[in-house]
Amino acid sequence: EMPSLFRLLIVVGSVTALRTVGDRMQPAERADLLLNIEEEATRLSRFVTNLLDMTRLESGGVNIRRSNADIGDLAAAAVGRARAVMERQDIALELPAVPAVAHVDPALIEQLVFNLLDNAHKYGGEGPIRARIEDRNGRIVLTVEDHGPGIPKEDLEKVFEKFYRLRDGDGRSAGTGLGLAICRAIAEAMGGSIRAESPAAMGKGARFVVELPGSVQGEKQ
């Protein structure tokens, strides 16, 4: 993918600069260059990981281990991960009074929620992110909502396609175009669904709605 190739070139160029003229740089310049290398390498690592995950999901290579799991607990774990890497991002999680239990693979659902939070962080500007879990007549519904510019009506389905990327606030493509595709693959593998709605509230923002099958009688969490 072209943006990832550019990132690789940036890393290589930065490493070359450090090796050849690093001893003549000011400490602050070296620190900035090292930070740039770290950030771009992290993005490349995330892209490769997402690509491998997508490939395994599409090929049936993921060993799905279903159990009755509290979606609220999984969402809380994903929110904790997100807060650790998304500095100063306001993320709120609303849970039902009674645990919302679904028959899913817990690790995959936690990743789905994290991907949705990551997407909201990239495209939602500086506004808060709101996640909510509900039990609607035995179907567990997870929603993640941001207060960004929203998604054009013609893109509401396209955002789930591999490598399809919206533009961020300054016109650049954000992300790898795999996070939401992975969310859809996971939701469908669980016998559920995912859809995008926009605007979400007060004429702006985007809302992603995931519906999952309820718990299986006789199976413990």
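Guide: Please bear in mind that the model is predicted. The sheet is open and has five strands, in the order β2-β4-β5-β7-β6, and the pairing is mixed. At its edges are β2 (91-94) and β6 (193-197), each of which pairs on one side only. From one strand to the next, the twist averages 15 degrees. In general, strands of a sheet pair through backbone hydrogen bonds, in either a parallel or an antiparallel sense. Here, β2 and β4 (residues 129-136) are paired in the parallel sense, over four bridges. Within this pair, Ile91 has Ile129 of β4 as its bridge partner.

Let us turn to the helices. Helix α3 (residues 71-85) lies across β2, β4, β5 (139-145) and β7 (207-212), and runs at about 175 degrees to β2. Helix α4 (residues 106-123) also packs on the sheet, where it touches β2, β4, β5, β6 and β7. The direction of α4 makes about 25 degrees with that of β5.

Finally, consider Asp105, which is placed in the loop between β3 (101-104) and α4. Asp105 is buried and has no salt bridge. Its nearest side chain of opposite charge, Arg65, is 6.4 Å away, whereas a salt bridge requires the charged atoms to be within 4 Å. The side chain of Asp105 does, however, reach the backbone nitrogen of Arg65 at 2.8 Å. Leaving aside residues up to four places away in sequence, Asp105 touches Asn63, Ile64, Arg65, Arg66 and Met190.

Notes: Residues are numbered from 1 along each chain as its sequence is written. This is a predicted model: local features need pLDDT of at least 70, side-chain atom pairs count only at pLDDT 80 or more; totals for chains, interfaces and linings use all residues. Side-chain values use heavy atoms; hydrogens and water are left out. Two strands pair if DSSP finds at least two bridges between them. Helices (H or I, at least four residues) and strands (E, at least two) are DSSP runs, numbered from the N terminus. Axes are lines fitted to C-alpha atoms, for helices over the stretch in contact, and angles run from 0 to 180 degrees between N-to-C directions. Contact means heavy atoms within 4.5 Å. Buried means under 20% relative accessible area, exposed over 50%, partly exposed in between (1.4 Å probe, protein chains only). Lys and Arg count as positive and Asp and Glu as negative; His and the chain ends are not counted. A polar contact is a pair of N or O atoms within 3.5 Å; within protein, one must be able to donate a hydrogen and the other to accept it, and residues adjacent in sequence count only if both atoms are side-chain atoms.
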